[in-house]
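The sequence and structure are displayed first.

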Amino acid sequence: MRIAVIHDTKKPDLPSKELLQVIRDKGLEPMFLRISSLSASFNGEISLFYGRRRILNLSGAIIRSLGSVTSVEQYVRRLALLKNMEQTGVVVMNPVDGLALARDKYAALIALSKAGLQVPKTLVTEDIGLAYDFVKNIGKAVIKPLIGSRGYGSVLVDNPEVAFRIFKTLVSFNQVIYVQEYIDKKTHDIRVFVIDNEVLASIQRFSTKPNEWRTNIAQGGKAKAYNPPEEIKEMAIKACEVLGLWYAGVDIAEDHKKGYVIFEVNAAPDWQGLMEATGVRPAEAIIDLMVKKSRS
């Protein structure tokens, strides 16, 4: 069985390396594919290429990243190519529709909210005045990239005049304004790693830097193994079901008024901090699920 790990770095990152090693350890054939080098053609049937070589006998593909996308055309092409993979019978993980929904943070929050899950108050707009009023009314807000991860580019503001300057800069570069109420996480938030409708492991994430509100491991946060209450586990599993994800990292914080709130679902989560804190190897579970799906 041939299984690909898809990213767009020249060399595999840590999660990709671990996935490739588990594939080898199970006696399967691994492939590392850069998404920018993948192509598809149609002439009565779909053909997939890596560089100029046709890809044959591919059973599954694990999508770790869509790469650095700089245009709408590039984003649409890469999603369409992954859909082509699915159409040829390749098991794509996460499924492309779920991956695309989770990547659009605003659309994902709407889907979660409609399913009865608590999410932060959120505004997406290109109207500076509307965004200014949102921050003025909400008091403390987080300005985020609409598409992004690891906490990069997220800014906490409690002054609407400062927010106004940020909004003006974003709009001047034809960027969408995505702003969200700040959930006071106290000292930590919770990352729940879900796979195949079960909680594999959970951690509490703590900020370790003075005046740093982000708890992301990529931002220097520290992780501690955590066994969450059933309410949190059920929320995380339901979030994955709603978004159509086979595995994900679900980020949850406790608000003193709202209770538990889901503020993000990552369809291609990193797991170094989780693995170090819990001893659990997500790569093993991911490949086991891929093999199961490929043989079903």
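## Packing of α4 against α7

In this predicted model, helix α4 (residues 105-114) and helix α7 (residues 230-243) have axes that come within 10 Å and cross at roughly 115°. The crossing of α4 and α7 is right-handed. On the α4 side the contact is made by Ala108, Ala111 and Leu112, and on the α7 side by Ala239, Val242 and Leu243. By class, the contact of α4 with α7 has six nonpolar residues, with no polar and no charged residues.

An α-helix has 3.6 residues a turn, so residues three or four places apart point the same way.

## Packing of α1 against α9

Helix α1 (residues 14-25) and helix α9 (residues 282-295) form another crossing, in which the axes come within 9 Å at an angle of roughly 55°. The crossing of α1 past α9 is right-handed.

From α1, the residues in contact are Glu18, Leu19, Val22 and Ile23, and from α9 they are Ala283, Glu284, Ile286 and Ile287. By class, the contact of α1 with α9 has six nonpolar, no polar and two charged residues.

The buried residues of α2 are Tyr75, Arg78, Leu79, Leu81, Leu82, Asn84 and Met85. Among the elements that cover these buried residues are the strands β1 (2-7), β3 (38-42), β4 (46-50), β6 (60-63) and β7 (91-93), as well as the helix α3 (96-103). After α2 comes glycine 89, which has a positive phi near 100°.

## Alanine 163 in α6

Alanine 163 is found in helix α6. Its relative accessibility is 0%, so alanine 163 counts as buried, the cut-off being under 20%. Leaving aside neighbours within four places in sequence, alanine 163 is in contact with Val135, Ile143 and Val157. Alanine 163 and glycine 89 are 74 residues apart in sequence, and their C-alpha atoms are 47 Å apart in space.

## Backbone exceptions

Most residues other than glycine have a negative phi, and most peptide bonds are trans. Against this background, a cis peptide bond joins methionine 93 and asparagine 94, with omega about 0°. Asparagine 94 is placed in the loop between β7 and α3.

Asparagine 174 has a positive phi near 60° although it is a residue other than glycine. Asparagine 174 is in the loop between α6 (160-172) and β11 (177-181), and it is exposed, with a relative accessible area of 71%. Asparagine 197, also not a glycine, has a positive phi of about 65°. Asparagine 197 lies in the loop between β12 (188-195) and β13 (198-206), and it is partly exposed, with a relative accessible area of 43%.

Terms used:
Residues are numbered from 1 along each chain as its sequence is written. This is a predicted model: local features need pLDDT of at least 70, side-chain atom pairs count only at pLDDT 80 or more; totals for chains, interfaces and linings use all residues. Side-chain values use heavy atoms; hydrogens and water are left out. Buried means under 20% relative accessible area, exposed over 50%, partly exposed in between (1.4 Å probe, protein chains only). Helices (H or I, at least four residues) and strands (E, at least two) are DSSP runs, numbered from the N terminus. Contact means heavy atoms within 4.5 Å. Axes are lines fitted to C-alpha atoms, for helices over the stretch in contact, and angles run from 0 to 180 degrees between N-to-C directions. A crossing is left-handed if the near helix is turned anticlockwise from the far one by less than a right angle, and right-handed if clockwise. Ala, Val, Leu, Ile, Met, Phe, Trp, Tyr, Cys and Pro count as nonpolar, Asp, Glu, Lys and Arg as charged, and the others, Gly among them, as polar.
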